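Reader: Hey, I'm new to this one. Can you walk me through it?

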Amino acid sequence: MDSQFGLSRVDVLRAVQDAVTLWEDATGADLFIHDEASGFPIAFVYDGRQATAQERARQRSEHRARRNRIDAQQQELEARTRRIVDAQESQRQRLAEYNELAASHNAVVQRWNLATSIPEPILNQLTAAEDRLMLEEARLTEEGRKLEAAGDSLSEDAARFRSTVEEHDRMGQALERVFAASPVLAARYLQLLTPDGRPLPGREIQIFQFDSPSHLQLVMAHELGHAMGLKHSDDTVALMSEQHELAGATAEATVHAADLEMLRVRCPEL
Ligand SMILES: [Zn+2]
């Protein structure tokens, strides 16, 4: 067991047991025993295959983490957009109120302009109203300017955000191109034979590559099938299909009818 796989002894025993259970549940028979002394070894052989798979998993996970940060940025931009839209709406309402007040004020002023003289209290009232209107106008202008600046900065950030998303998508595609699943052998069952084809005592399962615990279970169950003397099945769903021995296999580990049929040819009593 190469520690670079990052599996503990317990993990490995569980993976083997899960694979054994698949076969034993399907046949209702005890097919394997764990024998440290005289059993055959299951070797985890670490090389470029698993190193590539781990690097791919690392880069994919980083890519996903960046995607999460992008999603958070998007929510932030959407919240900013909503705040600006709300502020624009309230600005429009205040502007409408201001225009109404200004129009009625102007109408009053025009009426008094027709009079020969304006009484002092009225003049004071009109001047005070004028001051209030000018103050509100100045406020509205200032807020309008701020809203425009906020809108411009939002547009710039949204454009930057779009190019971040595009860059992220390009990186994702590049990542998948670099790590395009190549049909490397994930495991094998070795049975040494004499020149005339008789089995020698040394035999071994070698595990080279797996992407997840479920992939390991699939590969392990396939190799245990070989250990029981099964060859490859032409049925592509069968556990003994050759493709389940390759890297990147995604099928659910299940013993199929084609597997049982092959096993019963070898062991008719099952
Ligand atoms: Zn095989």
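Author: R14, for example, is found in helix α1. This is a predicted model, where local features need pLDDT of at least 70 and side-chain atom pairs count only at pLDDT 80 or more, while totals for chains, interfaces and linings use all residues. Residues are numbered from 1 along each chain as its sequence is written.

Reader: What is the distance in space between R14 and Q217?

Author: They are 9.1 Å apart, C-alpha to C-alpha, and 203 residues apart in sequence. As for L13 and D25, they are 12 residues apart along the chain, and their C-alpha atoms are separated by 18 Å.

Reader: At what angle do α1 and α4 pack?

Author: Helix α1 (residues 9-27) and α4 pack at about 55°, with their axes 8 Å apart. Axes here are lines fitted to C-alpha atoms, for helices over the stretch in contact, and angles run from 0 to 180 degrees between N-to-C directions. α1 and α4 are therefore oblique to each other. For the naming, angles under 35 degrees count as roughly parallel, over 145 as roughly antiparallel, 65 to 115 as roughly perpendicular and the rest as oblique.

Reader: And which residues of α1 and α4 make the contact?

Author: On the α1 side they are A15, V16, D18, A19, V20, L22 and W23, and on the α4 side P213, L216, Q217, M220, A221 and L224. Contact means that the C-beta atoms of two residues, placed from the backbone, lie within 7 Å. By class, the contact of α1 with α4 has 11 nonpolar, 1 polar and 1 charged residues. Ala, Val, Leu, Ile, Met, Phe, Trp, Tyr, Cys and Pro count as nonpolar, Asp, Glu, Lys and Arg as charged, and the others, Gly among them, as polar.

Reader: Switching topic: how do α2 and α3 pack?

Author: Helix α2 (residues 48-114) and helix α3 (residues 120-178) pack at about 160°, with their axes 8 Å apart. That angle is why α2 and α3 are roughly antiparallel to each other. By class, the contact of α2 with α3 has 24 nonpolar, 13 polar and 9 charged residues.

Reader: What about strands? What is the order in the sheet?

Author: The order is β1-β3-β2, in an open sheet of 3 strands with mixed pairing. Two strands pair if DSSP finds at least two bridges between them. The edge strands, each pairing on one side only, are β1 (42-44) and β2 (187-193). From one strand to the next, the twist averages 25°.

Reader: Which way do the neighbours run, parallel or antiparallel?

Author: β2 and strand β3 (residues 199-207) run antiparallel and are joined by 6 bridges. β1 and β3 run parallel, with 3 bridges. I207 in β3 is the bridge partner of F44, and A187 stands opposite I207 as well. L190 has E204 as its bridge partner in β3, and L193 has P199.

Reader: How many residues lie between β2 and β3 in the hairpin?

Author: There are 5 residues between them, and G197 in the turn has a positive phi of about 90°.

Reader: Last one: where is H244 found?

Author: H244 is found in the loop between α4 and α5 (257-266). H244 is buried, because 25 other C-beta atoms lie within 10 Å. Leaving aside neighbours within four places in sequence, H244 is in contact with L218, H222, L239, A249 and A251. The C-alpha atoms of H244 and A43 are separated by 18 Å, and the two are 201 residues apart along the chain.

Definitions and conventions: Helices (H or I, at least four residues) and strands (E, at least two) are DSSP runs, numbered from the N terminus. A residue is buried if 20 or more other C-beta atoms lie within 10 Å of its own, exposed if 12 or fewer, and partly exposed in between; C-beta atoms are placed from the backbone.
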